[in-house]
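Thanks for coming. I will go through one model this morning, and I will keep it short.

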Amino acid sequence: MIGKSPIGDWVESAVNFLTVHAEGFFEGLSTILEAVVNSFTWVFQLGPFWMLIAILTIIAFIVGRWSLALLTGIGLLMIVWLGYWEATILTLSLVLTSTVLSILIGVPLGILSGTINGVSKVLRPLMDFMQTMPAFVYLLPAVILFGLGIVPGIIASVIFAVPPTIRLTDLGIRQVPQDMTEAANSFGSTPWQRLWKVQLPIALPTLMAGVNQTIMLSLSMVVIASMIGAQGVGTEVYRAVTQLKIGQGFEAGLAVVLLAIILDRFSQRLIKSNHARH
């Protein structure tokens, strides 16, 4: 008879160890993340819904002209019409928090991976593991370490969504033409000057493509995280599924789709703008 692998026991022991010995750290992190989410939500709810829609539509016009402005305005008005405006605001706050945290983690790691081959060899299989592991698995340790609520949803979203930012930042750094790097070196640039003035500006369109993927993955994971108490439109989808309410589930799913399309088009336009400047 083949014995059972002890890997599961090792992982459970590690999570239990962190729960006991790092409780203060996780409580502090929870407080910070909740404050960030509440800050986003507070900003979005400062005025009536039509004011926020008008502001976002104007920003969309500046970024992508009439096509993006019409998509943003009509899409957000449809979300209001469906009755999921408040839930969408909370979902957007969760997605923005997850995306910002993913960028803060992913971009530095991607830069290290793109400039140091040893770091790349370590991170590449780790990211393969993170992207192929079923998303629901991330919910278990997040709940044990942070409890139920929005924070474990954010942590699970970051783990699930950060690999594209790392990968495409790495790719963008490595795709910088060698002659430009050599020219920077010949002018006596320091490594930091070469990174900030040559490599990052050239790699920016590729880096932004990674951010676009991270936003989409964060949104999908935030919906899944409704199972552990992360509020928002995902909660309405989950409630409709558990109660077999087909119409409610379709409406909530449509609100998620509209938000996803708006966020995708915004980030795509930013990518094209950066590429045009490059």
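How many aromatic pairs does a search of the whole structure find? Three. Bear in mind that this is a predicted model. One of those pairs is Phe-40 with Phe-44, and it is stacked, at 6.4 Å centre to centre with 20° between the planes. Planes under 30 degrees apart count as stacked, so 20° qualifies. Both of these residues sit in helix H2, four residues apart, which is about one turn of the helix. The cut-off for buried is under 20%.

Now the overall picture. The protein has 11 helices and zero strands. The C-alpha atoms fill a box of roughly 65 × 65 × 40 Å along the principal axes. Of the 278 residues, 42% are buried. Taking contacts between residues at least 6 apart in sequence, 80% join residues at least 24 apart.

Back to H2, which spans residues 23-44. How does H2 pack with H7, residues 150-174? The angle is about 90°, and the axes are 9 Å apart. The two helices are therefore roughly perpendicular to each other. On the H2 side, the contact involves Leu-29, Ser-30, Leu-33, Glu-34 and Val-37; on the H7 side, Ile-150, Val-151, Ile-154 and Ile-155. By class, that contact has seven nonpolar residues, one polar and one charged.

Next, the core. Which residues touch the most other members of the largest nonpolar core? They are Ile-79, Trp-85, Leu-94 and Met-221, in a core of 62 residues. Helices that each supply at least two residues to this core include H2, H7, H3 (49-82), H4 (85-115) and H9 (191-224). Take Met-221 as an example. Leaving aside neighbours within four places in sequence, Met-221 is in contact with Ala-135, Tyr-138, Leu-139, Ala-156, Ser-157 and Phe-160.

Last, a residue at the surface. Arg-65 is placed in helix H3. Is Arg-65 buried or exposed? Exposed, with a relative accessible area of 53%.

To recap: the stacked pair is Phe-40 and Phe-44, H2 and H7 are roughly perpendicular, and the largest nonpolar core has 62 residues. That is what I had.

Terms used:
Residues numbered from 1 in each chain as written. Predicted model: local features only at pLDDT ≥ 70, side-chain atom pairs only at ≥ 80, totals over all residues. Heavy atoms only, no water. Axes fitted to C-alpha atoms, helices over the stretch in contact; angles between N-to-C directions. Parallel < 35°, antiparallel > 145°, perpendicular 65-115°, else oblique. Contact = heavy atoms within 4.5 Å. Nonpolar A, V, L, I, M, F, W, Y, C, P; charged D, E, K, R; others polar. Phe/Tyr/Trp six-rings, centres within 6.5 Å; stacked < 30°, edge-to-face > 60°. Core = buried A, V, L, I, M, F, W, Y, C linked by side-chain atoms within 4.5 Å. Buried < 20%, exposed > 50% of the residue type's maximum accessible area, 1.4 Å probe, protein only.
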